[in-house]
Amino acid sequence: MGKRIGAGKRGRSPGRTAVLLGAGALVTGMLAGCGSSGGLKINVYYAPEDSFQKVVDNCNAAANGKYEIVYNKLQRGADDQRLQMARRLAAGDTAMDVLGLDVTWVSEFAEAGWVEEWKDQNKTAATEGVLQGPLETATYNGKLYAATKNTNVQLLWYDDRITPTPPKTWDEMIAKSKELKAQGKPYSIVFTGAQYEGLVVFYNTLVESMGGHILSDDGKSVVLDDGAVKALALLKQIASSGITDPSLTNSKEDDVRQTFQRGDAAFELNWPFVYASYAKEKPQDVSHFKWAVYPEAQAGTPAKTTIGGYDLGVSSLSQHKPEAFEAALCLRNAENQKFSAINDGVPPTIESVYHNDTPLDPSKPASADNPNMALKYPMRDSIIDAIKDSAVRPLTPAYQNMSTVMSKVLSPPGEIDPKATADKLREQLNDALQSKGVIP
């Protein structure tokens with residue numbers, strides 16, 4: 001999740017979105033998306049990101065007057081971002097050109113016919129050097145529907161004064177947590193246990209790490225196999241063994257970060273944004289803030305950690321598709337991915353960027369005021385390792401419905417009954433795939 005991972009869970013099916021927008025609101029939205037008069041405007045709809053306007057400025061300079069990219073900043077909440085774009089697209093809005101899509105939305109937008117397939121030279125440029133996990137998030141039914149902009153993956157964070165060596169497996173971490181508790185030391189394992197997308201991400205990681213499946217590979221039927229049931233058992237064990245923080249069922253990403261940073265936990269499972277926060281708020285202790293890849297659910301088998309991030313799609317209603325593809329490619333090229341990674345903490349999808357240690361101002365040496373990837377991402381090797389063994393969330397147009405179901409059924413995790421919960425998930429996920437029984 002990091003800064004922007006994970007869509008909200010009150011999703012609407014594409015067939016129902018058109019009725020949500022009145023005629024007056026539609027006209028207002030279209031006019032707002034057109035930009036000022038004069039010259040070709042390429043409207044980009046993207047989540048709030050502090051330095052993204054600078055990326056847009058860089059690409060406008062590169063376009064040299066061919067067009068002007070206009071950054072239309074979406075709402076901060078992922079639910080609101082998705083709904084605004086879905087409503088306007090369903091209503092036939094031609095003012096949208098490039099769409100910032102959470103990785104869980106690509107399948108839905110592709111199935112609805114709202115984004116163009118990437119082909120030929122555009123596809124080659126969009127896929128060159130991209131890590132396989134992020135690339136999978138931009139693909140639906142074997143076709144590429146978006147260009148990856150940034151990714152994200154959770155790591156295990158710990159304090160080497162409490163735990164000199166990180167545990168390699170969940171069994172080791174649970175045992176160590178109990179040992180620390182008996183010694184009166186910080187012992188909690190903190191993670192996103194609230195009833196929202198963060199809990200779904202956590203469960204999906206356990207399922208994939210157990211070799212299990214929630215859906216079939218084509219995303220059209222519910223599987224919830226033995227690995228998924230084992231993941232339910234592990235989730236219950238973690239949540240009910242007295243080794244989690246009392247606020248588990250209310251914990252989201254920043255709650256988890258703050259609990260660990262206060263010294264109230266031994267192990268934190270969270271996105272890399274926590275490192276920058278720790279370095280800023282506790283600089284005297286940051287040398288003890290360490291990281292490792294996610295613990296193994298099955299000893300000897302690397303964890304498959306669920307990734308997040310954002311992709312860029314080209315609206316099928318855009319009246320300037322060639323320029324929109326060109327603009328999208330610029331916004332997520334290697335140099336701009338590095339800029340965004342350093343300035344906004346969004347990990348790149350292009351592997352070579354992680355090893356590019358040229359500082360932002362190449363005329364000056366790297367420093368805290370002129371950082372490079374090594375300074376901002378000391379954990380970069382672990383990020384790459386985790387991404388190379390990563391998992392994606394189920395690729396289905398009904399993901400928002402699924403997420404709503406799973407977060408509700410899995411909460412609170414300490415009360416899970418593996419077999420009964422699996423049966424309930426199968427039943428409700430079957431309905432979710434058909435967009436049944438989910439409040440819009």
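Reply: What follows is a set of questions and answers on a predicted model.

Me: Why is strand β1 called largely enclosed?

Reply: A residue counts as buried when its relative accessible area is under 20%, and six of the six residues of β1, residues 41-46, are buried, so the strand is largely enclosed by the rest of the structure. K41, N43 and Y45 point one way and I42, V44 and Y46 the other way, all of them buried.

Me: What makes β1 and β2 a pair?

Reply: Two strands pair if at least two bridges are found between them; β1 and β2 (residues 68-73) have six, in the parallel sense, and therefore they meet that definition. Within this pairing, K73 of β2 is the bridge partner of Y46, and the chain crosses from β1 to β2 through helix α3 (residues 52-63) in a right-handed β-α-β crossover.

Me: What makes β1 and β3 a pair?

Reply: The cut-off is at least two bridges, and β1 and β3 (residues 98-102) have two, also in the parallel sense, so they count as paired. In β3, L99 is the bridge partner of Y45.

Notes: Residues numbered from 1 in each chain as written. Predicted model: local features only at pLDDT ≥ 70, side-chain atom pairs only at ≥ 80, totals over all residues. Heavy atoms only, no water. Buried < 20%, exposed > 50% of the residue type's maximum accessible area, 1.4 Å probe, protein only. Helix = DSSP H or I, 4+ residues; strand = E, 2+ residues; numbered from the N terminus. Right-handed = clockwise from strand over helix to strand, strands pointing away.
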